[in-house]
Amino acid sequence: MTTIQQSPALSEQAQNFWSREVHHLFIDGQMVPAQSGKTLTTTNPSTGEPLARFASGGQADVDHAVLAARKAFNGPWSSWNPYERQALLMRIADVLDHRFEELIQIEAMDMGAPVSRLRNTKASLMKMLAFFASQATSISGETLMNGIPGNVTTMTLKAPVGVIGGIIPWNGPLNSQFWIIGAVLASGCTAVLKPASEASMSVLRVAEILHEAGVPAGVINVVTGSGREAGNALAAHHDVDRIAFTGSTETGRRIIEASTVNIKKLQLELGGKSADIICADADLAKAVPGAAMGVFANSGQICFAGTRVLVQRPIVEEFTDRLLAFMKTLRVGHSLDSAAALGPVISQPQLDTVLSYIDIGRNEGAELLCGGKRMGNELRNGYFMEPSVFGGVTNEMRIAREEIFGPVLSILPFDDVDEAIAIANDSEYGLGGAVWSQNLSTALRVVQGVHTGTMWVNCYGYIDPLVGFSGTKLSGYGSKGTAAHMDTYLYTKSVYLQL
Ligand code: NAD
């Protein structure tokens, strides 16, 4: 594992952005301070240094933003036709295509993902925008037969659901916000976004850029601040119709409770502990890097990370040797270091949590095969963790049951495919999962047997909005992508028309 640190020059736009004294809320097309005047500080995870101050929104700011979103929902935006909303989404794609480097520099400094990784996410962002642009002109109801006497025509109409509260986690806000923004603009809804306090900056910057690109005032608003204050105020707000939440299962439970005040519709994308099953006949040249990056990408801070790597017993030794060799090729470094494949974890508390799981794993009897420590030398001030591998893990251990959300991979041996399926299913989560086998029958048996929202075969982590991605069990409900995603931003009206 090599560590280097070389910051390429920041773009002029990114420098201007970071030179602001305080980053205000974005409400009704304007930057406004929090009504309390309170601010929070965001830290650069690569250096541990404070990066910027931003507004700490509370109940009054959420009320202000929801009012702006409601006004916009009822205003001229409601008469934009589908082609106009589609053209807006296409224009946004064009603008973001040109502004992407500025945005990834902001994201890299704020949440720590390396620019090399973020650059690779541009294609998925463009696909997402193209998908939602296509959805804007695909909304349709049905004409239905009926058994009513007389000349009654019956049909369903689809209409935008109203004001959306979008609560966003810190592990990739630049891209993940577009699952909400895309659907909001395609459907004719409006939104108040509440990004995580650890990484809100790319969400604020995007809101400004969208406004410049022609999104009307009040359609997309951003209230930064803590989950306890701003997040809870949004989840419990009487005039928010629907919450799109991505985050931990624990917070998901609170959102459900808060939503009861006005029976909000919910989309919950929660945590995971996915199983990546490597069968004895797998092509290890592909399975080893695939399984490794299924965990270590984004320093393990991905909800569908395949952190339980189930390996069939005859190949455990060979798989492990090859994995440890692959680990030596992973460069960990500053998020602005173009050669770094992995960056830091988000914060000191997150680093402490991940390190505590190293102790937990050792105490439970697992064998630490590599990593396990905070990184030193020129990376010592950032929240850098050595990518770590545990061998000899059993599914009863806490490191196999709990979401660590850091660069820690566990190897669990299994004898036959039925046992692998049983281990994969012995989890309260059901988000992702994979099987690596050159035998299609074996692969399909695993796909059918594992109780999870998304399965990959001989690959890991592809997400395409045309295909979708969803969770089950404690990983939540509601699709990201496909027409099903759009449908949850609409409601259905049944119409009985007596002629
Ligand atoms: P988190 O639940 O702590 O926070 C998520 C968001 O909820 C943040 O904006 C936070 O401020 C807000 N929040 C916190 N408390 C709240 C409350 N009481 N009311 C309303 N909002 C509140 O999660 P995190 O630590 O930011 O993100 C990591 C978690 O997210 C992991 O569990 C990960 O698996 C999950 N995740 C899931 C997906 C998915 O698609 N399933 C994607 C990314 C992350």
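What radius of gyration would a compact globule with 499 residues have, and what value does the protein chain have? Please then examine the place where domain 1 and domain 2 are in contact.

Analyst: This is a predicted model, in which local features need pLDDT of at least 70 and side-chain atom pairs count only at pLDDT 80 or more, while totals for chains, interfaces and linings use all residues. Residues are numbered from 1 along each chain as its sequence is written, and side-chain values use heavy atoms, with hydrogens and water left out.

A compact globule with 499 residues would have a radius of gyration near 23 Å, and the protein chain agrees, since its value is 23 Å. This radius is taken over C-alpha atoms, and the globule rule is 2.2 Å times the number of residues to the power 0.38. Along the principal axes, the C-alpha atoms fill a box of roughly 75 × 65 × 40 Å. The protein chain contains 16 helices and 25 strands, which are DSSP runs numbered from the N terminus (helices: H or I, at least four residues; strands: E, at least two).

Domain 1 covers 7-270 + 475-496, and domain 2 covers 275-464; these bounds come from an automatic or database domain assignment. Taken over C-alpha atoms, the domain centres are 30 Å apart.

At the interface, 30 residues of domain 1 are in contact (heavy atoms within 4.5 Å) with 28 residues of domain 2. The area buried between the domains is about 2400 Å², and carbon and sulfur atoms give 57% of it. Buried area is the accessible area (1.4 Å probe) that two parts lose on being put together, summed over both. Ser46, Trp170 and Ser475 supply 23% of the area that domain 1 buries against domain 2, more than any other three residues.

Between the two domains there is 1 salt bridge, a term that means a side-chain nitrogen of Lys or Arg within 4 Å of a carboxyl oxygen of Asp or Glu. Lys127 pairs in a salt bridge with Asp464, with 3.7 Å between the closest N and O atoms.

On the side of domain 1 that touches domain 2, β5 (39-44), α3 (82-111) and α4 (115-120) each supply at least two residues. Helix α3 gives the most, with 5 residues.
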